Amino acid sequence: MGPVVSGHQVLGRDGSLPQGAEKHDVVEGMFDRLAPRYDRMNRIISLGMDKGWRRRTVDALAAVAGGTVLDLACGTGDVCRDLAARGYTPVGLDFSAGMLASARVDAPLVRGDGAALPVATGGLDGVTCGFALRNFVDLDAVFAECARVLRPGGRFAALDATVPTNPLLRAGNAVWFRGAVPLLGRMVAHDAEAYRYLPKSTAYLPPAPELEHRLRAAGFRDVRHATLTGGSVLLLTGTRA
Ligand SMILES: C[S@@+](CC[C@H](N)C(=O)[O-])C[C@H]1O[C@@H](n2cnc3c(N)ncnc32)[C@H](O)[C@@H]1O
């Protein structure tokens, strides 16, 4: 059964995740609604670790000093701030008008879709992406756009939530994200539905070897992944060939 886009329904009535064009609209609407409370919830559900994960991503980017970096799916701008602090020139892009309106950053912000970037070909030194890979409808189209806008040698670094492979850590992760997080979402963000979607949405993310393969197929070399915090976070990097 497909999801109901109206109201605050994000998952289908049978708990299914939205797909295709429905996913695009559901995700955009959900982040528009969450935007004012998004940062606060991030700190809570990551137990304060999300800032460190984003800084690790900017470190792993290792683009040319002072380079221009597109932060894809920038949300409220946390990665843009970290990029600027490291001396890069960030530009943020997101399709949620609500998230962009809640951003408090000096970087220029653009409303747009990751699968059709309003950016010239080959002009960028880096692309970052925080916690958004699983939200894209067509990941290959997004990877292809990242390849198009980067100059040869340009760097890519993306961070996303995943599920640990260690059974004990996996069980702990499930208790937190499937039990506590929706409750916190109800109390803090007044949106339990969105915080039921967010942990479930890790199912969209392909396994790391497949992600690496698809990034290579889009035109990247030196593709690698690392896991952080017991495997609950994945960091994917590559260089434009
Ligand atoms: C979990 S938030 C991450 C925000 C930010 N990068 C961070 O690290 O906090 C996911 C973001 O992806 C954006 N997003 C999802 N699909 C998108 C698309 N196709 N094009 C642009 N932005 C998209 C959402 O609007 C949302 O702001």
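**Charged side chains of the predicted model.** The protein carries 28 positive and 24 negative side chains. The centres of these two sets lie 5 Å apart. The coordinates belong to a predicted model.

**Overall fold and dimensions.** Eight helices and seven strands make up the secondary structure of the protein. With a radius of gyration of 17 Å, close to the 18 Å given by the globule rule for 241 residues, the protein is as compact as a globular protein of that length. Along the principal axes, the C-alpha atoms fill a box of roughly 45 × 40 × 35 Å.

Of the 241 residues, 51% are buried. Among contacts with a separation of 6 or more, 65% join residues 24 or more positions apart.

**Strand 7 and its burial.** Strand 7 spans residues 233-240. Seven of its eight residues are buried, so strand 7 is largely enclosed by the rest of the structure. Strand 7 pairs with strand 5 and also with strand 6.

**Pairing of strand 5 with strand 7.** Strand 5 covers residues 150-161 and runs antiparallel to strand 7, with seven bridges between them. Within this pairing, Phe156 stands opposite Gly238 of strand 7. In a regular strand, side chains alternate between the two faces of the sheet.

**Hairpin of strand 6 and strand 7.** Strand 6, residues 220-228, is also antiparallel to strand 7, and seven bridges connect the two. Arg224 has Thr237 in strand 7 as its bridge partner. Four residues lie between the strands of this hairpin. In the hairpin, Thr229 adopts a positive phi near 50 degrees.

Helix 3 comprises residues 78-85, and its buried residues are Asp78, Val79, Cys80, Asp82 and Leu83. The cover over these buried residues includes two helices, helix 1 (20-45) and helix 2 (50-61). The cover also includes strand 1 (68-72), strand 2 (89-94), strand 3 (109-111) and strand 4 (124-130).

**The residue Gly87 after helix 3.** Gly87 follows helix 3 and has a positive phi, near 90 degrees.

How values were computed
Residues numbered from 1 in each chain as written. Predicted model: local features only at pLDDT ≥ 70, side-chain atom pairs only at ≥ 80, totals over all residues. Heavy atoms only, no water. Rg over C-alpha atoms; globule rule 2.2 N^0.38 Å. Buried < 20%, exposed > 50% of the residue type's maximum accessible area, 1.4 Å probe, protein only. Contact = heavy atoms within 4.5 Å. Lys, Arg positive; Asp, Glu negative; His and termini not counted. Charge placed at Lys NZ, Arg CZ, Asp CG, Glu CD. Pairing = 2+ DSSP bridges.
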